[in-house]
Amino acid sequence: MNYLTLENITKHYGEKTLFEGVDLYVDKGDKIALVAKNGTGKSTLLKVIYGEESSEGETAKVMLHKDVRMGMLLQDPKLPQDANVMEAVFDSDTPAIQAIKRYERAMIFPENQEEMQAAIAEMETHKAWDYEARIKEILSRFNISDLNQRIHELSGGQQKRVALAKVLIEEPDFLILDEPTNHLDLDMIEWLEEYLQSPNLTVFMITHDRYFLDRVCNVIYELDRGQLFRYRGNYSYFLEKKAAREENTVANLEKNKKLYKRELDWVRRSPQARGTKAKARVDAFYDIKDKVSVNLSEGEVKMDFKAQRMGKKILEAHNVSKRFGDLTIVEKFDYKFKKRERVGLVGANGTGKSTIINILTQQLKPDTGKIVVGDTIVFGHYAQDGMQLNEDKRVIEVIKDIAEVIPLANGKNLTAASFLERFLFDRKQQQVYVSQLSGGEKRRLYLMTVLMANPNFLILDEPTNDLDILTLNVLEDFLQEYQGCLLVVTHDRYFMDKLVDHLFILEGDGEIRDYNGTYSEYRAMKREEELEAQRMARESQPKEKKVRSDKTGLDYEQRKELNRLEKEIMKLEEKKLKLSEKFNDTSLSADDITQLSIEIGEIQNKLEEKEMRWMELGELM
């Protein structure tokens, strides 16, 4: 069943062509990702699909199936700032959601018995109890607990999570998501990853998270030089086929260049073409000229910075503790950083990652203990919410305000304009106001301002948000060769695995676990621990249930079924874990990854089916 068709869609931004004459198709069950460089029109295309932007041209068509409900998550969601979280989340015409909203309000004032009874009756009428349980699961997954808090009191990341929860709660047939993993912690991303793998969901999204792309998507559209290219497969398959397409394009260009040279000689030697055949040949010559005029050179971010010299003493934490009221962030933490150390800081949202960074950089004093910073250390701090660019300044002015000339690692100097070109801001775009840049372009500019100080201790707090995959690849290559120390906070598991081999894990109540290994290795170990805990819990359950079953409606066959289900669920979970761990094998081919994704999806469907039946039998008890 076709959900959406776009035909001959064109959009310009001033003199710049974002896309021209593109076609796009979405069928039921598709999991589609849109991939492109920052500033090329990804978010604009999503808005055209959703109807927030219109296409140019009389022949353009946007056709959505009349029975399909769409839900959209914007990159910067627009929530009613004066509303509270409950009002924003339950802002829907769905009768069940309206019933839950009334019930939640009644729960705030339980003394009003008349309203409480009316709310319960409405919940019964719309069979909203199961729906309410599912909504509470989604809200808890995104750490949304205070439903009375006003939207304007929330950070940008919290607002994005509220907007994402709202979209999922509405259960649209067709989900459109712009950077859904931004501002989610790693546990939230892994839950969302599983949620979106459901075969009943149709998804069209923009994301830079490469593990997420690999495990969720089965179709990738690439927006390149204003044209759309479709790849049927996951991210690994896309990379393979994209390389083949580009090789083919270069080969065709060389062929056309030779033909163009031959035809150019003929045009120069021939008199004014009057005959039909000669005129057709001249027309064909100009077609070839257009083809060979295409610029195939991909802009590439170039990073080449001169890090400051580093002495023996780098950064030391001695018996550091910090509390805010009853909340303990860190308790008696000791550590001495070594040269070229690469550390990842991992923890759920709200566990204090940013607080620890502020303590290490001496922007915040610890309650006990001390931080010792070496005399030669120069911090470069890319903060998650620290991007404070003057929107009324031109791009070139932002850089010139810091320095007119920038020293490089090879001893050479670059002017501000040449430096910007290395970060894909050409001379024309350097005159653009900051307010006109896309979210990813602003992030790229902010990264430049941090690296210009030539730091020898880099702290990157969510550096991957809104950056395109091309920029991320170059940043990763630069950081792998970087001679200073690196401390990374990121929800991007691919980025973390590539750069970090040592983790500080914030486990709550001030405890920081020092783990030597990659993030994927840590998650595999955690899954094994969780699996073992579930095994032990299940082993203790059957005896208790047999004792109670005689006092309930469960008959002999139902008790047997319950025991069988527990064993089957345990085996499926073990199988799913083993398959998930295979994704860490970098030698996997695109076909292998696709097959693994299919197998995991099938296991997940079986798990959901068996767990649902297990819960039904549990309720009878």
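Guide: Let's start at Arg225, which is partly exposed, with a relative accessible area of 42%. This is a predicted model, so please read every value here as computed from that prediction. Why does Arg225 count as partly exposed? Because its relative accessible area of 42% lies between the two cut-offs, under 20% for buried and over 50% for exposed. You will find Arg225 in the loop between β8 (219-224) and β9 (227-232). Its backbone has a feature to look out for: phi is positive, about 55°, although Arg225 is not a glycine.

Now turn to His183, another residue that is not glycine and has a positive phi, in this case near 70°. His183 also sits in a loop, the one between β6 (174-178) and α7 (186-196). Its relative accessibility is 17%, and because buried means under 20%, His183 counts as buried.

Arg215 lies over the face of Tyr211, at 4.9 Å from the ring centre.

A pair of aromatic rings is described by the distance of the centres and the angle of the planes. The model has 18 aromatic pairs. One of them joins Tyr335 and Phe504, edge-to-face, with 4.9 Å from centre to centre and 80° between the planes. This pair links distant parts of the chain: Tyr335 belongs to strand β11 (residues 327-336) and Phe504 to strand β19 (residues 502-508), 169 residues apart. Both Tyr335 and Phe504 are buried. Another pair, Phe419 and Phe423, is tilted, with 5.7 Å between the centres and 50° between the planes. Phe419 and Phe423 are both buried as well.

Tyr335 and Phe504 also belong to a cluster linked by ring pairs, together with Phe333, Phe337, Phe379 and Phe457.

Finally, step back to the whole chain. Its secondary structure comes to 19 helices and 20 strands. Of its 621 residues, 49% count as buried. Among the contacts with a separation of 6 or more, 69% are between residues 24 or more positions apart. The chain exposes about 31500 Å², and carbon and sulfur atoms supply 47% of that area.

Conventions. Residues are numbered from 1 along each chain as its sequence is written. This is a predicted model: local features need pLDDT of at least 70, side-chain atom pairs count only at pLDDT 80 or more; totals for chains, interfaces and linings use all residues. Side-chain values use heavy atoms; hydrogens and water are left out. Rings of Phe, Tyr and Trp (its six-membered ring) pair if their centres lie within 6.5 Å; planes under 30 degrees apart count as stacked, over 60 as edge-to-face and the rest as tilted. Helices (H or I, at least four residues) and strands (E, at least two) are DSSP runs, numbered from the N terminus. Buried means under 20% relative accessible area, exposed over 50%, partly exposed in between (1.4 Å probe, protein chains only). A charge sits over a ring if NZ of Lys or CZ of Arg is within 6 Å of the ring centre and within 35 degrees of the ring normal. Contact means heavy atoms within 4.5 Å. Accessible areas come from the Shrake-Rupley method with a 1.4 Å probe; for residues, only the protein chains shown count as cover.
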